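Subject: Structure for you to look at

Hello,

Here is the structure I said I would pass on. My notes follow it.

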Amino acid sequence: MRGLVHLAAALDLPGVFDGGAFTALARLAERGGLDFVTLDDSFARPGPDALGVLCRVAPATRRIGLVPTVTTTHTEPFRVQAAVATLDWVGRGRAGWRIDVSVTEDEARLFGRRPTAPADALWREADEVADVAARLWDSWEDGAEIRDVADGRFLDGDRVHRVDFTGTGFSVRGPSTVPRPPQGHPVRVVDATDAHACAVAARHADVALVRAASPAQAAGVRHRLREQARAFGRDPDTLRVLVSLLVDLGDGEHAAEPGHGGGGPRPTVHGPLYRGGPVDLAELVASWHAEGVTDGFHFVPVEPRRDLERLVNGTVALLQHRGLFRTFYPGSTLREHLGLARPANRYAVSGAPAVSRRAS
C-alpha cells in the first residue's frame with residue numbers, strides 16, 4: 001500500500017516586496033497541510049532575497065517547511081550553509097535549501113570576480129558546495145553547547161570538529177559559526193530537469209523536482225534518479241521525487257481543457273501546465289500517485305493568490321477526503337513531513353579529530 005502523497009507549492013510573487021504578502025500565502029499553504037513552500041530567487045532579475053523573506057515568514061508560521069532558492073554560483077559556501085542553518089533555527093526545524101546555479105554573464109558581471117562557466121562546471125561546483133555544507137552542519141555535534149556559567153564553559157571542544165575541504169574553486173576550513181541545525185541537515189531540494197543537475201540531485205538531494213507531462217515520463221525520470229542515488233551508495237527510499245507542475249485553476253469549476261487533465265498536463269516552454277478545475281487536478285494527483293510514478297507534486301500557481309486558494313480549498317480538501325493527503329501535521333520538522341530521518345553526525349560516528357580550541 002502506497003503512503004500519502006506529498007504536496008508543495010511555490011510562493012513566487014514577481015515584483016512584490018511586501019513581506020506580508022508572502023506570509024499570507026505561506027499561512028494559506030500551511031492551512032492546507034502542505035509539506036513545504038518554495039520561493040525562487042535569482043541574480044538575473046529584481047526581487048527580494050528569498051532566504052531573507054522566509055526568515056521573515058518563519059516566526060509567522062508553525063509547521064510548514066520553508067525552502068528558498070540559494071545559488072551556489074558567485075556566493076561563498078561558508079556563508080550559504082550558515083544562512084540556511086540559521087533559517088532552520090529560526091523556523092524550528094523547517095528549513096530547506098533549493099540548490100541552483102547562476103548561468104548568465106549578466107549575473108557574473110554583478111560580482112566581477114570571474115566570467116560565467118559552462119553548466120556542467122557550475123553543477124560540479126554546486127555538488128562540492130552541497131558536500132561541504134553538510135560537513136559544516138556536522139561540525140558541531142549535538143550537545144556541543146554546554147553554556148555552563150558556573151564553570152565558565154560555553155563549548156565542549158571535543159564535540160566541535162574542523163572541516164578542511166578543498167574544492168575546485170574554493171576551500172573551507174571550518175568549523176561552522178552556527179551550531180548544528182535542528183534537523184541535522186536542512187532538507188536539500190534540487191530541480192533535476194537539467195541533465196547536469198541530475199547527478200547533484202541523486203547524490204545530495206532529499207527532494208528532486210522533475211517536470212513530466214505524462215505518467216510514463218514521470219516514472220522514467222523517477223526510476224533513473226533512484227538508480228543514480230543507489231549507484232552513489234544511497235538508499236533510494238531516502239529521495240523524494242516530486243513532479244513540478246504549473247497550475248492554472250481559473251475562476252470556475254470546469255473540466256480540464258483537452259490535453260491538460262486526464263491523460264496528463266500539456267508541455268510548454270515553461271514546463272508542464274495543467275489548466276482546469278480543482279476537481280480534475282485532484283483526480284490527476286490521485287491517478288499518478290496510485291500508479292507509483294511520483295511521490296507527490298510541487299505546484300507552481302500561474303496566478304499565485306487565486307490558484308493557491310483554489311488549490312487548498314478544492315484540490316487538497318478532495319485529496320484529504322479520499323484519504324490520500326494528511327489532515328494535520330503529525331510532526332514539527334520538514335524532515336518529519338517528508339518521512340525522512342534526521343541524519344547521523346558523520347564526525348560523532350567516525351570520531352574525527354576535534355578543533356583544538358576550547359572556550360574558557
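A residue is called buried under 20% relative accessible area, exposed over 50%, and partly exposed in between, using a 1.4 Å probe and protein chains only. This is a predicted model, where local features need pLDDT of at least 70, side-chain atom pairs count only at pLDDT 80 or more, and totals for chains, interfaces and linings use all residues. Residues are numbered from 1 along each chain as its sequence is written, and side-chain values use heavy atoms, with hydrogens and water left out.

Helix α7

Helices (H or I, at least four residues) and strands (E, at least two) are DSSP runs, numbered from the N terminus. The face of α7 turned away from its buried side carries the exposed residues Ala216, Arg224 and Ala231. Buried in this helix are Pro215, Ala218, Val221, Arg222, Leu225, Arg226 and Ala229. They lie on the same side of α7, because they cover an arc of only 135 degrees around the axis (the arc of the directions from the helix axis to the C-beta atoms). The buried residues of α7 pack against α6 (195-204), β10 (207-210), β11 (240-248) and α8 (278-290), where contact means heavy atoms within 4.5 Å. After α7 comes Gly233, with a positive phi near 85 degrees.

Nonpolar cores

A nonpolar core is a set of buried Ala, Val, Leu, Ile, Met, Phe, Trp, Tyr and Cys residues joined through side-chain atoms within 4.5 Å. The largest has 86 residues, of which Leu7, Trp97, Leu225, Phe297, Phe299 and Leu308 touch the most other members. Helix α5 (residues 119-137) gives the largest share of this core, 10 residues. Another core, of 11 residues, lies apart from it and includes Val207, Leu242, Leu334 and Leu340.

Ser139

Ser139 sits in the loop between α5 and β5 (145-148). Its relative accessibility is 0%, so Ser139 counts as buried. Not counting residues up to four places away in sequence, Ser139 touches Arg159, Val160, His161, Val163, Pro175, Ser176 and Tyr347. Between Ser139 and Phe78 there are 12 Å in space, C-alpha to C-alpha, and the two are 61 residues apart in sequence.

Regards
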